[in-house]
Amino acid sequence: MSKRRGERRGVYEWIVQAAVWLGIALTMGVLVYLLVHILWNGIPFVTADLFAYKYNTSNVSLFPALITTIYLTVGTLLLAIPLGVGTAVYMTEYAQRDSWLVKWVRMASETLAGIPSIVYGLFGFLFFVIFLQLGYSLISGILTMTILVLPFVIKTTEEALLTVPTGLREGSYGLGVGKRDTILKIILPVAGRGIVAGVILAIGRIVGETVALMYTIGTVPEIPGNLMHSGRTMAIHMYALSSEGIHTDKAYATGVILIVVVVLMNEISSLVMNKWRK
């Protein structure tokens with residue numbers, strides 16, 4: 001009897017391992033295919049005209065969209081990181097973990113993380129663009145994207161903080177270190193990798209978003225002169241070019257630059273966090 005159970009368990013383990021490896025192979029295969037397809041079709045069309053300072057119908061420059069994307073990403077992270085990390089720190093270090101407030105915030109963040117981006121876009125359009133009369137502007141896009149990525153930052157930061165050993169906290173308190181210094185100098189640096197993971201997820205979501213930003217930041221192919229000016233991100237720029245069907249080659253080239261921008265932003269985030277941990 002025990003022998004049959006052992007054989008069945010072995011078969012189940014083999015099936016599970018096969019399913020896991022199959023999932024990994026499919027995921028990596030799709031990723032490699034997308035990268036190769038975009039790079040193969042886009043690199044030949046990455047020319048100097050693509051980086052012209054001003055956009056026109058002949059050069060369809062992505063430079064204004066690139067600058068707008070950087071403005072949007074930096075502005076969103078400046079709001080989302082302090083709010084998200086601060087909320088997670090309060091939930092794990094100050095509030096009682098089974099309190100109604102923690103449960104409510106956790107439920108709200110998990111619910112918001114599953115809402116489609118078009119809902120965020122409609123909310124940003126109705127509230128920021130119309131009700132607050134901010135119009136199609138950079139600030140409307142920043143505020144909308146802050147609400148969109150905040151749940152990811154809160155969740156990943158909370159999970160990272162919960163993995164910090166309790167002994168580190170108790171040892172710090174035993175040496176007479178205050179709670180604030182313990183959080184800033186011990187807990188947050190130890191949880192830095194998890195926080196960086198949340199920031200990288202946020203960057204990917206910001207850079208790749210289109211629908212929510214079309215309702216808030218607009219589609220004007222110009223560099224925003226200030227927070228109240230409209231613009232278009234690289235994702236919107238790529239969507240506009242591909243939907244027109246005239247400059248498909250430039251859309252692929254924009255995709256190549258978009259991949260490079262995401263990789264660079266992720267590396268910069270990792271370097272900043274590693275330097276802060278030291």
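Biologist: How many salt bridges does the structure hold?

Modeller: This is a predicted model, where local features need pLDDT of at least 70, side-chain atom pairs count only at pLDDT 80 or more, and totals for chains, interfaces and linings use all residues. Residues are numbered from 1 along each chain as its sequence is written, and side-chain values use heavy atoms, leaving out hydrogens and water. A salt bridge is a side-chain nitrogen of Lys or Arg within 4 Å of a carboxyl oxygen of Asp or Glu. By that rule the number of salt bridges in the structure is 4.

Biologist: How many residues apart in sequence are the parts that arginine 106 and glutamate 158 tie together?

Modeller: Arginine 106 and glutamate 158 form a salt bridge, with their closest N and O atoms 2.5 Å apart. Arginine 106 lies in helix 3 and glutamate 158 in helix 5 (residues 138-162), so the parts tied together are separated in sequence by 52 residues.

Biologist: How many helices and strands are there in the protein?

Modeller: Helices (H or I, at least four residues) and strands (E, at least two) are DSSP runs, numbered from the N terminus. The protein has 0 strands, and its helices number 11.

Biologist: At what angle do helix 2 and helix 3 pack?

Modeller: Contact means heavy atoms within 4.5 Å. Here it is made by Thr87, Tyr90 and Met91 of helix 2 (residues 63-94) and by Leu101, Val102, Val105 and Arg106 of helix 3 (residues 100-113). Axes are lines fitted to C-alpha atoms over the stretch in contact, and angles run from 0 to 180 degrees between N-to-C directions. The axes of helix 2 and helix 3 are 10 Å apart, and their angle is about 140 degrees.

Biologist: What area is buried between domain 1 and domain 2?

Modeller: Domain 1 (9-43) and domain 2 (46-275) have bounds from an automatic or database domain assignment. Buried area is the accessible area (1.4 Å probe) that two parts lose on being put together, summed over both. Carbon and sulfur atoms give 74% of the area buried between domain 1 and domain 2, which is about 570 Å².
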